[in-house]
Amino acid sequence: MSYTKRLDGRKADELRPIKAEVGIIPNADGSALFAFGETVAIAAVYGPKPLHPQHMQDPERGIIRCVYNMLPFSVTERARPGPSRRSKEISMITENALSGVVELKRFPGTVIDVEIMILQANASTRCAGINAAAMALAHAGIVMKEMVSSVSIGKIDDKIVTDITKAEEDYEEGEGATDIPFTISSNTHAITHLQLDGKIQTERLKEAYDAALKASKKILDYQTRALKGEKIDENK
Amino acid sequence: MEIPNINKNKITEVLEKDKRLDGRKLFDYRDIEIETGISKNAEGSARVRIGKTEVIVGVKMDVQEPYPDHEDEGTLITGMEFSPISGERYESGPPKIDAIEVARVVDRGIRESKFIDFKKLCIKEGEKVWSVLIDIYAINDDGNILDASALASVAALMVAKMPEYDEKTEKVKFGEFTKDSVPLTENIPFTMTFHKIKNKLFIDPNRDEEDTSEGRVTLAITKPKKEYIINAMQKGDMALFSIDELEQVVKETEKLYDKMFNELNKKIEKLMKK
């Protein structure tokens with residue numbers, strides 16, 4: 001039997017209930033919360049500020065330094081605190097997802113620190129983290145060429161679905177589960193981050209991108225509304 | 001690590017004319033050499049050279065408890081080090097993010113392609129399974145360590161022999177090998193990285209080209225039947241990719257797979273018979 005009905009009853013292109021809000025951490029220069037259903041991420045931005053040690057400075061452009069931290073109690077089986085190989089990799093892909101759209105040449109010699117915490121995890125944590133971080137950067141007033149929005153597209157059995165959950169990630173029947181997190185820029189619709197785990201026919205990648213593009217436009221709308229001061233919580 | 005801007009400019013300038021400073025075309029690999037059996041205590045080992053880039057990989061096996069969510073499957077652990085031996089830019093110490101990324105991307109290509117038959121690595125469900133440990137070392141980094149690491153890992157797995165296992169004592173007799181190969185499938189992953197400078201895509205950068213590269217995307221691909229399947233993908237660095245560029249990457253990957261895979265596979269199969 002193919003995957004015609006999603007485990008949580010959503011439509012193929014439907015996001016989970018979104019939460020989005022900025023200004024949640026008063027001490028930070030910019031901050032935001034973004035949640036896809038039960039996956040909740042917060043992010044804070046500090047900077048731009050002079051980068052120390054000085055030899056790390058780039059005289060031509062600022063750098064973004066990102067830390068993704070999945071809290072020990074955010075998952076069913078306690079995660080060991082502190083950096084792991086996984087979290088280091090996600091920190092790096094988040095830096096790359098954001099660096100391409102920030103006007104880093106305006107901030108030579110500086111660093112922008114982006115701290116991300118996952119408070120509760122049910123898949124797509126890196127995407128929620130990137131969405132929160134992008135909002136926090138904009139909230140901090142950092143000049144950006146474009147906004148970015150991130151979403152995890154899944155191929156569950158042979159069906160392309162948007163914003164997959166842990167239960168969908170674990171789906172084993174038919175062609176199994178393929179997880180394709182995308183981050184897409186708001187104006188040029190370019191890909192600033194892309195990963196893939198699983199198996200997908202080469203000719204179906206465009207279909208996954210199209211689903212991601214469609215979802216990214218919806219997410220952008222939430223991000224923009226939140227940045228204008230709205231506290232979005234679709235769980236209510 | 002910075003290279004002089006004059007080199008970067010030169011690399012960029014010739015790329016705009018679809019050329020490379022070493023005379024290659026955009027989608028040409030440098031010469032690839034594969035050697036196996038480089039360390040006899042390893043269950044399997046391989047050296048891959050792509051031009052002046054050199055990587056060695058060793059496969060070790062051990063018996064461990066399975067993961068609770070896959071009680072009847074063996075496990076895979078992949079590690080990578082850019083040791084100071086491979087170039088002056090590297091320092092000793094625990095693996096940094098560049099090495100971690102190489103290990104994780106190689107791991108995903110092997111894991112997601114189902115190249116290793118993990119179910120056949122189960123000794124006693126829920127209690128004892130074989131663990132495959134892949135260790136990758138950069139010996140000389142002249143760019144594109146990632147593709148070299150993936151190819152060397154596949155070669156080392158293909159020549160690897162299972163160690164003896166004493167069922168009474170439930171211990172591995174390290175250093176004593178059976179004639180059995182590590183259980184593998186036909187889904188051999190082929191991993192390729194595309195780089196981007198301005199709007200030019202190319203593969204297999206040398207050191208200076210890699211330092212000039214603005215973005216990259218890696219694909220691990222298999223062709224189990226007639227279809228090409230992407231099993232892992234990872235975009236790296238800052239540059240943005242348009243969907244058109246991504247589609248070009250996929251198309252070139254399919255072409256490169258057809259052009260190179262059989263030849264490389266034949267090379268490895270010949271080494272397996274040695």
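## Helix crossing between the chains

Helix α1 (residues 85-99) of chain A and helix α2 (residues 97-112) of chain B have axes that come within 10 Å and cross at roughly 105°. Axes are lines fitted to C-alpha atoms, for helices over the stretch in contact, and angles run from 0 to 180 degrees between N-to-C directions. Helices here are DSSP runs (H or I, at least four residues), as are strands (E, at least two), numbered from the N terminus.

Arg85(A), Lys88(A), Glu89(A) and Met92(A) in α1(A) meet Ile97(B), Ile100(B), Glu101(B) and Arg104(B) in α2(B). Contact means C-beta atoms, placed from the backbone, within 7 Å. By class, this contact has three nonpolar, no polar and five charged residues. Ala, Val, Leu, Ile, Met, Phe, Trp, Tyr, Cys and Pro count as nonpolar; Asp, Glu, Lys and Arg as charged; the others, Gly among them, as polar.

## Model and numbering

The model is predicted: local features need pLDDT of at least 70, side-chain atom pairs count only at pLDDT 80 or more, and totals for chains, interfaces and linings use all residues. Residues are numbered from 1 along each chain as its sequence is written, while chains are lettered from A and ligands numbered from 1 in the order in which they are written.

## The chain B side

Chain B gives 28 residues to the contact and chain A gives 24. On the side of chain B that touches chain A, α2, β12 (229-236) and α5 each supply at least two residues. The largest share, eight residues, comes from β12(B). By class, that side has 15 nonpolar, four polar and nine charged residues.

## Helix α5 of chain B

Helix α5 (residues 243-273) of chain B has 31 residues. From first C-alpha to last, α5(B) reaches 43 Å, close to the 45 Å expected at 1.5 Å a residue (1.5 Å times one less than the number of residues). α5(B) bends by about 40° at Met260(B); the bend is the angle between axes fitted to the seven residues ending there and the seven starting there.

The buried residues of α5(B) are Glu245(B), Leu246(B), Val249(B), Val250(B), Thr253(B) and Leu256(B). Buried means 20 or more other C-beta atoms within 10 Å of the residue's own. These residues pack against β9 (191-201) and α4 (205-227) of chain A, together with β9 (190-197), β10 (200-203) and β11 (215-222) of chain B.

## Ile112(A)

Ile112(A) sits in strand β5 (residues 110-120) of chain A. Ile112(A) counts as buried because 27 C-beta neighbours lie inside 10 Å. Its C-alpha is 6.1 Å from that of Arg65(A), 47 residues apart along the chain. Leaving aside neighbours within four places in sequence, Ile112(A) is in contact with Val45(A), Gly47(A), Pro48(A), Gly62(A), Ile64(A) and Ile142(A).

Terms used. A residue is buried if 20 or more other C-beta atoms lie within 10 Å of its own, exposed if 12 or fewer, and partly exposed in between; C-beta atoms are placed from the backbone. Two residues are in contact if their C-beta atoms, placed from the backbone, lie within 7 Å.
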